[in-house]
Amino acid sequence: MASTLLKRVSYSAMKSVAGGFQLGAQSRAYAAVAAGTDIVSAAPNVSLQKARTWDEGVSSNFATTPLKDIFKGAFTGVCSQQHVPSYKKQIDKFKAKGIDSVICVAVNDPYVMNGWASKIEANEAIEFYGDFDGSFHKSLELDKDLSGALLGPRSQRWSAYVVDGKVKVLNVEEVPSDFKVSGGDVILGQI
């Protein structure tokens, strides 16, 4: 399962756009994270590995990126066919609304994430991060045990609009195979 976050730095012009948005209309409460949650505070000391090749991993000494750096001053099967493509195909609309980054995080290693991003030709439009041990999703209580489907620990399918590290909108699918509330079309209408 993948999750998508939209990251945005709030500038005064952007604040006026966000200020008109009414929070709570579409929020869900399935996890410790909710609209208003500071992701960095909810998952302290958590780092993710940006998608990369093995050689890039070796040359960077397998460096990780702390959440505080990812969200500094700002916001992110069904995954490959619908979820991620729903963001990729609308990247210009997100940019036009002032979104700095569309970020995809999944419980996987950065090499698989890099291969996946390349295969679906999304690595230019979307930043991919591997939550290799699931600690990010566990911290937010958005982890999901899919061992029954032979997938092991994963994340729920979700999307969030994050401004300066604070969750403004959170959409969590009710079941892993659903693609009703976490897609690009939905969150684009919530910004």
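Ring pairs join Trp54, Phe62 and Tyr111 into a cluster. Rings of Phe, Tyr and Trp (its six-membered ring) are paired here if their centres lie within 6.5 Å; planes under 30 degrees apart count as stacked, over 60 as edge-to-face, and the rest as tilted. By this rule there are six aromatic pairs. In one of them, Trp116 and Phe128, the ring centres are 5.6 Å apart and the planes stand at 75 degrees, so the pair is edge-to-face. Trp116 belongs to helix α7 (residues 110–119) and Phe128 to strand β5 (residues 127–130), so this pair ties together parts that are twelve residues apart in sequence. Helices (H or I, at least four residues) and strands (E, at least two) are DSSP runs, numbered from the N terminus.

This is a predicted model: local features need pLDDT of at least 70, side-chain atom pairs count only at pLDDT 80 or more, and totals for chains, interfaces and linings use all residues. Residues are numbered from 1 along each chain as its sequence is written, and side-chain values use heavy atoms, with hydrogens and water left out.

Buried means under 20% relative accessible area, exposed over 50%, and partly exposed in between (1.4 Å probe, protein chains only).

I turn now to charge. Side chains of opposite charge can pair when their charged atoms come close. How many salt bridges does a search of the whole structure find? The search finds one, where a salt bridge is a side-chain nitrogen of Lys or Arg within 4 Å of a carboxyl oxygen of Asp or Glu. Its partners are Lys180 and Asp178, at 3.8 Å from N to O. Lys180 is exposed, at 61% relative accessibility, whereas Asp178 is buried, at 15%.
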